[in-house]
Amino acid sequence: MNDATTPEGAGRSPGSDPQEARQDEARARHATLPRNPYRRLERAVVETRLAIFWERIWPPLHNVLIVLALYVGLSWTGLWTLLPVWLSALVALAFLAVACRLCWPLAAVRLPSRAAALARIERVSGLSHRPLAALDDALFDAGDTPATRALWELHRRRARTALASVRTDAPSPQAFRRDPFALRVLAAMLLLVGYFVAEGMHLQRLSPMSGAGGEAVAAPLRIDAWITPPVYTGRAPLFLTGEAAELRDPDQPLSVPEGSELIVRAQGVPDLGVQLVGADAATDLVAEAGATDGAGSLRSRLETSATLEIRNGEELVNSWRIAIEADDPPTIRLLNDPEEQLSGAVKFTYLVEDDHGVVSAKADISPVQVRGLDSDRAARPLVEAPSFPLSLAGGERKTGAGETIRDLTSHPWAGSEVELVLSAGDHAGQTGRSEPHRFTLPQRRFAKPLARAIVEQRRDLALDANAQVRVLDAFDALMLAPETFIDNARTYLGMHFARGQLVAAQDDEQLRGVVDLLWELALTIEDGDLSMAERALRDAQEALRKALEEGASDEEIARLTEELRKALGDYMQALAEQMRQNPQAMQPMDPNAQNLRPQDLDEMLSRIEELAKNGSRDAARELLAQMQRMLENLQAGRPQQMPDGMTQEMMQALNELGQMIQRQQELMDQTNRLDQQRNGQQGEQGEQGGSQGQQQGEGGQMTPEQLAEALRQLQEGQGQLGERLQELMDQLARNGVPQNDQLGRAGEEMGNARDSLGQGQSGDAVGQQGNALDALRQGAQGLAEQMLGQGQGEGPGMAGRQGNPMDEDPLGRPRRTEGPDFGERVRVPDEIDVQRARRILEELRRRFSDPSRPMIELDYLERLLRRY
């Protein structure tokens with residue numbers, strides 16, 4: 001064994017002897033040990049003992065620190081200033097008692113022993129059989145024999161090999177288990193907030209006696225004052241103090257809107273006083289709250305101009321001059337007189353103005369009649385005066401024109417003279433009214449005399465309940481000869497029932513029921529079920545309009561939209577049923593009027609609902625108003641009955657006029673070609689046939705005999721057309737149609753063109769034929785307007801024909817439509833269009849004369865120029 005350690009033994013093979021191999025392994029283990037393994041162990045023991053000591057002392061110390069932090073944080077935030085002195089002392093003693101109770105476990109904390117540290121090191125390092133404890137053990141003296149000592153040394157050498165894997169861990173006190181309510185977070189927040197609240201008074205506020213009045217330190221002087229204008233003005237607050245106030249001219253008064261709110265907050269002013277010194281007297285403003293440290297605040301509404309003064313007792317701290325901008329009441333006035341629509345509804349156009357915007361507007365109608373019909377007693381109306389809201393321009397603008405269409409034909413006062421007063425309200429609650437306007441309330445036009453008579457009696461009864469007897473006499477007169485004046489038994493039974501209700505009525509409430517009954521009876525006599533559907537449609541429109549103005553929920557908007565869709569379907573069905581039962585009403589109307597399909601109305605309703613859901617309520621209201629106008633036009637555009645004979649004859653006359661216009665156009669084209677051909681031949685004979693010869697027709701030159709024959713045929717055709725026109729005019733005169741001056745002028749121009757052709761003046765004949773063609777078109781248009789009952793001038797049907805994109809094909813050319821074609825659909829080019837076409841033609845010829853262009857382009861240009 002000694003040879004293995006000698007230099008000679010170092011050169012031997014390690015595997016030659018098992019004993020030598022074991023010795024080599026032992027030497028390798030000793031080589032892995034640190035140079036001073038005991039120093040490393042001692043350092044690990046010290047660190048572990050400190051870690052164990054921290055784990056023992058931190059949990060109770062942690063709770064004590066939480067209590068101290070709570071005390072300091074509450075003190076800094078001003079707890080003692082809010083409590084009486086005796087209660088502050090009790091709370092402070094309670095904090096002290098809790099802290100002492102939590103400090104009691106600290107007295108039992110001891111420094112851990114070396115054995116405990118070694119045991120923890122062995123556990124953390126993963127060592128078994130306690131090798132570190134073996135290094136601290138000593139051999140028992142009784143066993144001090146050579147063999148025992150040798151075994152003991154071998155045991156210690158093996159234990160020292162464990163020093164290479166010695167490790168320590170960080171302390172883990174787990175103090176949070178002692179704080180299940182996380183009071184440490186609250187304590188940290190109070191410390192942070194209280195530090196900034198104390199503002200240099202940290203030590204003073206720690207004492208529970210700091211809240212005593214005589215011992216409190218006075219807060220520094222600070223005044224914050226500003227004026228907040230009303231929200232609807234859209235103006236920013238005006239600060240009276242601070243850096244922004246220093247930039248203003250102190251000699252200039254501060255201008256603020258009427259109704260602005262003054263807010264003053266003062267600190268360090270024990271005797272705060274705020275006054276508004278006006279021209280007459282001074283007004284003291286009382287603070288909302290005060291405290292012992294001189295802090296207080298107040299709010300006041302500014303109504304008049306004054307000087308604002310802030311005082312500390314008798315001392316003037318600051319002052320400002322306040323100038324109040326008066327908020328005038330809104331104004332509203334009619335732009336035009338109430339305009340009756342074709343359907344009977346009335347349109348109100350008005351202008352509203354206000355300093356900061358109008359929030360609401362309405363119309364109030366009152367009767368002019370104040371005396372009864374049968375006596376000098378005051379009239380006793382049975383129904384309330386009409387009052388309805390007015391639509392406003394979107395965005396609550398300061399100035400804007402509005403338009404409201406209201407159907408009042410069903411009101412009992414319809415047809416009587418009334419006074420209209422418009423009113424508007426602003427954000428401040430002020431109301432402005434217009435001057436009274438007197439007009440006749442539009443009423444529904446009843447075609448049947450019996451329905452018209454019942455409505456008149458209904459109006460008289462509604463205006464004056466004292467007219468009950470007179471209305472009853474009128475009903476008796478209407479029912480004298482039912483077989484002569486009443487069409488069917490249903491109408492007679494309805495009138496008999498209404499008369500019975502009128503006789504039995506004893507008070508105003510029962511008479512109101514009779515008024516409603518008379519209206520339903522008149523509608524049934526006039527239109528059957530159509531009037532009921534029309535009224536339901538208008539009620540649904542009004543409900544949806546009101547919901548959009550008042551900002552109803554999306555669910556409410558969807559429900560009202562669905563109700564309007566159902567009412568619209570019922571109305572269209574009732575209208576179709578009326579047209580089916582009254583075939584005479586299907587007489588031709590304006591063939592060019594734009595059609596309104598149920599699908600279009602349904603798409604508009606869907607669009608209204610979508611806009612409302614997206615928040616575009618103003619756009620939804622505008623689209624609803626457009627749909628209402630379209631329905632008004634639809635109701636006003638119902639075809640009226642016309643005499644069958646006159647309608648049929650006028651339609652035949654229109655068709656014949658259309659044929660005459662086409663024939664006159666053909667004659668003018670033939671005359672123009674013949675005139676160009678004559679001019680071309682004359683140019684060739686006069687040595688100028690180079691360029692003009694290209695304009696001849698493909699048939700070659702004509703002889704003088706052929707030219708004379710062509711002129712004769714054109715003269716005969718023009719004369720025959722003039723005779724046809726004269727016969728048509730005589731027939732219309734016999735049927736009672738008023739004389740049409742344009743048709744007469746067309747006949748004169750046709751005669752002049754015939755004479756010019758007979759004299760061989762084809763150039764003059766072309767101009768005269770053009771004048772005849774224009775006169776024919778204007779005369780045909782005037783005749784169509786007479787048939788449609790549109791009066792004189794350009795009818796909307798003709799305008800609609802020119803502007804309706806459905807009357808054109810994809811290339812913009814006019815389609816063939818039903819009825820006569822008067823040629824007004826094709827626009828005659830003016831002088832500017834002719835010049836533009838001439839320039840284009842010259843450019844095409846210039847490019848065609850350039851031989852350097854590609855052959856494919858030259859072929860294309862040749863095809864374009866071939867017709868010219």
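## Cysteine pairing

The sulfur of Cys-100 lies 6.3 Å from the closest cysteine sulfur, that of Cys-103, which is too far for a bond. Cys-103 likewise takes part in no disulfide. A disulfide is here a pair of cysteine sulfur atoms within 2.5 Å, and by this rule the count is 0.

Accessibility is classed as buried under 20% relative accessible area, exposed over 50% and partly exposed in between, with a 1.4 Å probe and protein chains only. Cys-100 is partly exposed at 46% relative accessibility, and Cys-103 is partly exposed at 30%.

## Basis of the values

The model is predicted: local features need pLDDT of at least 70, side-chain atom pairs count only at pLDDT 80 or more, and totals for chains, interfaces and linings use all residues. Residues are numbered from 1 along each chain as its sequence is written, and side-chain values use heavy atoms, leaving out hydrogens and water.

## Nonpolar cores

A nonpolar core is a set of buried Ala, Val, Leu, Ile, Met, Phe, Trp, Tyr and Cys residues joined through side-chain atoms within 4.5 Å. The largest has 48 residues, and those with the most contacts inside it are Ile-332, Leu-390, Leu-420, Leu-422, Ile-454 and Met-495. Elements giving two or more residues to this core include strand S11 (331-334), strand S17 (417-426), helix H12 (449-463) and helix H15 (489-504). Helix H16 supplies the largest share, 9 residues. Helices (H or I, at least four residues) and strands (E, at least two) are DSSP runs numbered from the N terminus.

Beyond its neighbours within four places in sequence, Met-495 is in contact (heavy atoms within 4.5 Å) with Leu-450, Ile-454, Phe-475, Leu-478, Met-479, Ile-486 and Leu-521. A second, separate core of 31 residues includes Leu-654, Leu-667, Leu-674 and Leu-773.
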